[in-house]
Amino acid sequence: MNEEFGPDFITVTDEDGCEFELEHVDTIEHNGQVYMAFFPAETQGEEPDEEDAGLIILKVVEVDGEEQLSTLDSEAELEEVYDQFMENLFQDEEEPES
């Protein structure tokens with residue numbers, strides 16, 4: 001991921017109407033579906049919540065012609081996509097920088 005201009009952040013609203021900010025980590029296409037990985041953004045003055053510090057994976061879906069982010073449909077789908085993100089991450093770390 002090119003971080004020349006800094007990380008990308010988005011604000012999402014959960015099903016309870018609560019807004020929170022996420023930092024975009026990576027985007028992949030897997031089995032014809034686009035997935036995006038995020039980490040919760042740390043807010044200044046707040047202690048990081050260990051429970052909320054994990055990778056968040058959402059898929060891009062089209063609703064009424066508009067792209068939206070959605071949770072994954074199953075644990076199996078989540079595990080498969082998580083493994084793909086981890087494989088990409090470790091592959092990027094192993095490549096020598098030029």
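Which residue in β5 does Val-61 stand opposite? Select Val-61 and look across to β5: the residue opposite is Gln-68.

The model is predicted, so local features need pLDDT of at least 70 and side-chain atom pairs count only at pLDDT 80 or more, while totals for chains, interfaces and linings use all residues. Residues are numbered from 1 along each chain as its sequence is written, and side-chain values use heavy atoms, with hydrogens and water left out.

Next, select β4 together with strand β5 (residues 66-70), which pair in the antiparallel sense over five bridges. Strands are DSSP runs (E, at least two residues; helices are H or I, at least four), numbered from the N terminus, and two strands pair if DSSP finds at least two bridges between them. β4 and β5 form a hairpin with two residues between them. In the turn, select Asp-64, which has a positive phi of about 50 degrees.

Move to Val-25, which lies in strand β2 (residues 19-30). Val-25 is partly exposed, at 24% relative accessibility; buried means under 20% relative accessible area, exposed over 50%, and partly exposed in between (1.4 Å probe, protein chains only). Select Leu-89 as well: its C-alpha atom is 9.7 Å from that of Val-25, although the two residues are 64 apart along the chain.

Finally, select Glu-79, found in helix α1 (residues 75-94). Glu-79 has a relative accessible area of 48% and is therefore partly exposed.
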